[in-house]
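Visitor: I have not looked at this one before. Can you walk me through it?

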Amino acid sequence: EVSEFQRAVSDPATGDLLPVLRVPQRYFKRDSQAWLLLPGYEKQDRDNRGWQELMRQAMVAAGGCIVVTDGTRTASQQHEMVKDMLEGELQGVRPYIVVSKTEDTRNDPDAQAQLRASAQAMFQVGADAVDKQIILTGTDDPEYVAQWMPHLQRAINDLNFTGQSNRHLQMSHLSELIGKDLTR
C-alpha cells in the first residue's frame with residue numbers, strides 16, 4: 001500500500017526493506033563511481049541507532065560526500081549535529097555542501113553571500129574553498145538552473161578523488177564500527 005511504503009521510507013522499522021535507487025552507469029564518468037542516497041543524519045539515540053549506525057558506516061566508506069541542506073537549516077540550531085558529523089564520520093573529508101531552495105536569492109548577491117557564510121561557518125569550510133565547496137541551487141527558473149548546474153556537475157565528477165590519508169582514516173573508523181557490531 002502507498003501509505004505503508006511512505007511510512008517505511010520516512011520512518012523505517014527494523015523489519016522494513018531498504019529502498020534502493022539504481023542509476024545507470026552511463027550517467028557516471030568513471031567505472032567505479034556510484035551513488036548512495038542516505039537518510040537524514042541525526043544524533044544517535046536508542047531509537048535511531050540501528051539505521052544511523054548503518055548510515056555512518058556507509059559515510060565512512062564513501063569516496064566523497066555531498067551534504068544537502070537549505071537556508072533554514074543552516075541558520076538553525078543544527079550546529080551540534082553537524083559538529084558531531086564532522087568530528088566523526090566526515091573527519092578529514094571535505095564534503096560538498098548543496099544549499100537548496102535558494103531560487104528567491106538568485107538576483108540578490110548579498111543574500112547569497114549570507115547563505116554561503118552560514119554554510120561556511122556550519123560546515124567549517126575554509127575561506128579559499130567556499131566558491132568550490134558550497135553550491136546554491138534551486139529549481140523554478142531554467143536560467144538559475146543553468147547558473148548552478150555546471151558547479152554541481154563539476155563537484156560530482158570530482159567526488160571519487162579521495163587522498164590516501166583520508167582513506168586510511170575512513171577505513172580505520174569503519175573497522176572500529178564493524179568491530180563493535182561483531183562483538184555483539
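Guide: What follows goes from the confidence of the model to its sheet, its helices and a few single residues.

Visitor: Fine. What is the mean pLDDT of the protein?

Guide: This is a predicted model, and the mean pLDDT is 78. Of its residues, 83% reach 70 or more.

Visitor: Where is confidence lowest, and where is it highest?

Guide: Confidence is lowest in helix α8, residues 164-183, with a mean of 69. Strand β3 has the highest, at 93.

Visitor: On to the sheet. In what order do the strands come?

Guide: The order is β1-β2-β3, three strands in an open sheet with parallel pairing. β1 and β3 are the edge strands, each pairing on one side only. From one strand to the next, the twist averages 25°.

Visitor: How many bridges join β1 to β2?

Guide: Five bridges join them, with β1 covering residues 66-70. V68 stands opposite V98 in β2, and the partner of T69 in β2 is V99.

Visitor: And how many between β2 and β3?

Guide: Three bridges join β2 to β3, which covers residues 134-136. V99 turns up here too, with L136 as its bridge partner in β3.

Visitor: Why is β2 said to be largely enclosed?

Guide: Five of the five residues of β2, residues 96-100, are buried, so the strand is largely enclosed by the rest of the structure.

Visitor: Which of them point which way?

Guide: Y96, V98 and S100 point one way from β2, while I97 and V99 point the other way.

Visitor: What lies on the sheet?

Guide: Helix α5 lies across β1, β2 and β3, and it runs at about 145° to β3. Helix α7 packs on the sheet as well, touching β1, β2 and β3. The direction of α7 makes about 150° with that of β3.

Visitor: Now the core. Which residues in the largest nonpolar core touch the most other members?

Guide: L90, I97, F123, V125 and I134 do, out of 30 residues in that core. The elements giving two or more residues to this core are α2 (49-61), α4 (79-87), β2, α5 (109-123), β3 and α7 (142-158).

Visitor: Take I134. What is it in contact with, leaving aside neighbours within four places in sequence?

Guide: I134 is in contact with I97, V99, R116, A119, Q120, V125 and A129.

Visitor: A119 is in that list. Is A119 buried or exposed?

Guide: A119 is buried, with a relative accessible area of 0%. Its place is in helix α5. A119 and T69 are 50 residues apart along the chain, and their C-alpha atoms are separated by 8.9 Å.

Visitor: Which residues of α2 are buried?

Guide: Q52, E53, M55, R56, Q57, M59 and V60 are buried.

Visitor: Now the loops. Where does T105 lie?

Guide: T105 lies in the loop between β2 and α5. T105 is buried, with a relative accessible area of 12%. Because buried means under 20%, that value qualifies.

Visitor: What does T105 touch, not counting residues up to four places away in sequence?

Guide: T105 touches A111, Q112 and L115.

Visitor: And K101, is it buried or exposed?

Guide: K101 is exposed, with a relative accessible area of 58%. Its place is in the loop between β2 and α5. K101 has a positive phi of about 60°, although it is not a glycine.

Visitor: What about the phi of Q124?

Guide: The phi of Q124 is near 55°, a positive value in a residue other than glycine. Q124 has its place in the loop between α5 and α6 (130-133). At 58% relative accessibility, Q124 counts as exposed.

Notes:
Residues numbered from 1 in each chain as written. Predicted model: local features only at pLDDT ≥ 70, side-chain atom pairs only at ≥ 80, totals over all residues. Heavy atoms only, no water. Buried < 20%, exposed > 50% of the residue type's maximum accessible area, 1.4 Å probe, protein only. Helix = DSSP H or I, 4+ residues; strand = E, 2+ residues; numbered from the N terminus. Pairing = 2+ DSSP bridges. Core = buried A, V, L, I, M, F, W, Y, C linked by side-chain atoms within 4.5 Å. Contact = heavy atoms within 4.5 Å. Axes fitted to C-alpha atoms, helices over the stretch in contact; angles between N-to-C directions. pLDDT = per-residue confidence, 0-100.
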